[in-house]
Amino acid sequence: MRSLLEKWANLEPQRCRYNSNETIEVLYKNQWHSVSQENPVRDGILIMALLEVGDERNYLYSIEKIPRPEANSDYDSEPQILVGVGMRDAWRSAEGENLASTVVELFLSEYLGCFARDN
């Protein structure tokens, strides 16, 4: 996650930056918010900042959570949750993994990929 945030800070310093303590901040609702590992609402802030910038750039995005199929189906060996963001990527989440962090990292990766293609 840190490397994705650093990439975002380099690509769009007006939206993601280092503050004086060398922690990373993102812009949401015209205010800078810390996204340090210690911030308990970090994932929520990142998701909201990414949704905001996606809307501003007129990006079409989708986030889906698909529950594990029924045990008697042909797909009973699939992971518990499949998360898709955009059209290119999907991550599989096993039981016990932090789904919120998975979505944030995948969403940020997708955004950076779209931004790089547009510029």
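This is a predicted model: local features need pLDDT of at least 70, side-chain atom pairs count only at pLDDT 80 or more; totals for chains, interfaces and linings use all residues.
Leaving aside neighbours within four places in sequence, S36 is in contact with I24 and R42, where contact means heavy atoms within 4.5 Å. Residues are numbered from 1 along each chain as its sequence is written, and side-chain values use heavy atoms, with hydrogens and water left out.

S36 is placed in the loop between β3 (31-34) and α2 (42-56). Because its relative accessibility is 18%, S36 counts as buried; the cut-offs are under 20% relative accessible area for buried and over 50% for exposed, with partly exposed in between (1.4 Å probe, protein chains only).

Stepping back to the whole chain, three helices and six strands are found, in the order α-β-β-β-α-β-β-β-α from the N terminus. These elements are DSSP runs numbered from the N terminus, helices being H or I of at least four residues and strands E of at least two. Of the 119 residues in the chain, 37% are buried. Among contacts between residues at least 6 apart in sequence, 35% join residues at least 24 apart.

The largest nonpolar core has 23 residues, and L5, W8, V26, L46, L108 and Y111 have the most contacts inside it. Such a core is a set of buried Ala, Val, Leu, Ile, Met, Phe, Trp, Tyr and Cys residues joined through side-chain atoms within 4.5 Å. At least two residues of this core come from each of α1 (2-11), β2, α2 and α3 (99-118), and α3 gives the most, with seven. In soluble globular proteins, nonpolar side chains tend to be buried together. Beyond its neighbours within four places in sequence, L5 is in contact with C16, I24, V35, L46 and L108.

Buried residues of α2 include R42, D43, L46 and E52. Just after this helix, N58 takes a positive phi of about 60°.

Mean pLDDT, the predictor's confidence in each residue from 0 to 100, is 77 for the chain, and 66% of residues reach 70 or more. Strand β2 (residues 24-28) has the highest mean, at 95, and strand β6 (residues 89-93) the lowest, at 53.
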